[in-house]
Amino acid sequence: MFESVLLFAVGLVLLIKGGDWFVDGATGIAKRFNLPDIVVGATVVSIGTTLPEVMVSTTGALQGSGAMAYGNAIGSIICNTALIAAISISINPGPVNVKSMKTPVIFFFSSAAIYCLASYILGEFPRWMGFVMLAVFVVYMILTVRNGLKNPDAVEAEEEEEETDAKGQWKELVLLAASAVLIAVFSGLVTGILMLAAFAVYFFVKQNVAKKGGEKAMWEELLLLIVGAAVIAVGADFLVEHGQVIALGLGVPETVVALLFVALGTSLPELVTTITSLRKGRASLGVGNVIGANVFNLVLVSGVAVSLAPFPVPMENELLNTGLNMSLVLEIPVMLGVMALMTVPALLTKKLGRWQGILLLAIYVAFCVCQFTL
């Protein structure tokens, strides 16, 4: 059990760092083709930051753990809304851009209707539904890019500066080296060595870029892209495999681990974005990113997983021995409820209120307690 907890944590580290490297490489390559920043942000960056969730859900589905894929999508949305966005709203409520918010909100609830059809009526996620979700994702991306090109002022974009101080680099180096050692000790020497080699490649590229004053060559961006994708894949595999072991050890269904721990871990990029936006006085940017991420969780994350490996709605999570499926009685309603609580008043009043953030945080705490007590 202790070994699984360590490797589960290592999986989270790999997902987060691999996602960062993938986005860096993909963004650099995209900009080489002179794509506008809004197009890069709405496509390459958004997809890259959602890759951890995609890999976890797809890996779970392919390994026969539909509960992991199912719980990760729902849990990430609840975590994004009732924890991450709620923190932002509670600390810094304010006006919202209704025009830019309408499209993702409409797409979210339309996609949620597809999800509810599969969960409540079909009792399964068939492959054709995965294709429908991916089609919705493509339409959403086209509209997002088109609206961004038409109204660039309506779309907020932010480029974060990389941490370049020596102290920050040493912290990252120690964290990744410790991860490689843990992998070698508990998961296999070959995997540990391969991860250590991947980390070495990353630091080589980083130091080489620093010497040239921040300019990346095409081959360096491709290396970051490949290394990032490989690290994400290994991290997702660790999360799914050891998440199942943890669930068994705790005596809880896999969906609980996916809903709480995996969802929180894969939502860390959104949490970092929200905290950074708060620090810079741009809370609405963090909230906007959360809404977009929630759409991606429904149509991209679930769409890829279902298209590759269809799965039934998990039934092992029963509500107080009543025979009722907890995901249908509690989890999906909470997912829809927290999104409605955050977006509907904002669309009507053109602002986010502190009361919304506080209420959302209270709901998240109650939801977490219910997962272990009901």
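This is a predicted model: local features need pLDDT of at least 70, side-chain atom pairs count only at pLDDT 80 or more; totals for chains, interfaces and linings use all residues.
**Nonpolar cores**
- Met342 and Phe125 have the most contacts inside the largest nonpolar core, which has 77 residues.
- Helix H3 (residues 66-91) supplies the largest share of this core, with 14 residues.
- Another core lies apart from it and has 20 residues, including Trp21, Tyr202, Phe203 and Val231.
- As background, nonpolar side chains tend to be buried together in soluble globular proteins.

**Helices H4 and H12**
- The axes of helix H4 (residues 98-122) and helix H12 (residues 326-349) come within 11 Å and cross at roughly 165 degrees.
- Angles over 145 degrees count as roughly antiparallel, so H4 is roughly antiparallel to H12.
- The crossing of H4 with H12 is left-handed.
- On the H4 side, the residues that meet H12 include Val98, Met101, Phe108, Phe109 and Tyr120.
- On the H12 side, Leu328, Ile332, Met335, Leu336 and Leu347 are among those that meet H4.
- By type, the residues of this H4 and H12 contact are 17 nonpolar, two polar and one charged.

**The whole chain**
- The chain holds 13 helices and four strands.
- Of its 374 residues, 51% are buried.
- Among contacts between residues at least 6 apart in sequence, 82% join residues at least 24 apart.

Conventions: Residues are numbered from 1 along each chain as its sequence is written. Side-chain values use heavy atoms; hydrogens and water are left out. Axes are lines fitted to C-alpha atoms, for helices over the stretch in contact, and angles run from 0 to 180 degrees between N-to-C directions. Helices (H or I, at least four residues) and strands (E, at least two) are DSSP runs, numbered from the N terminus. Angles under 35 degrees count as roughly parallel, over 145 as roughly antiparallel, 65 to 115 as roughly perpendicular and the rest as oblique. A crossing is left-handed if the near helix is turned anticlockwise from the far one by less than a right angle, and right-handed if clockwise. Contact means heavy atoms within 4.5 Å. Ala, Val, Leu, Ile, Met, Phe, Trp, Tyr, Cys and Pro count as nonpolar, Asp, Glu, Lys and Arg as charged, and the others, Gly among them, as polar. A nonpolar core is a set of buried Ala, Val, Leu, Ile, Met, Phe, Trp, Tyr and Cys residues joined through side-chain atoms within 4.5 Å. Buried means under 20% relative accessible area, exposed over 50%, partly exposed in between (1.4 Å probe, protein chains only).
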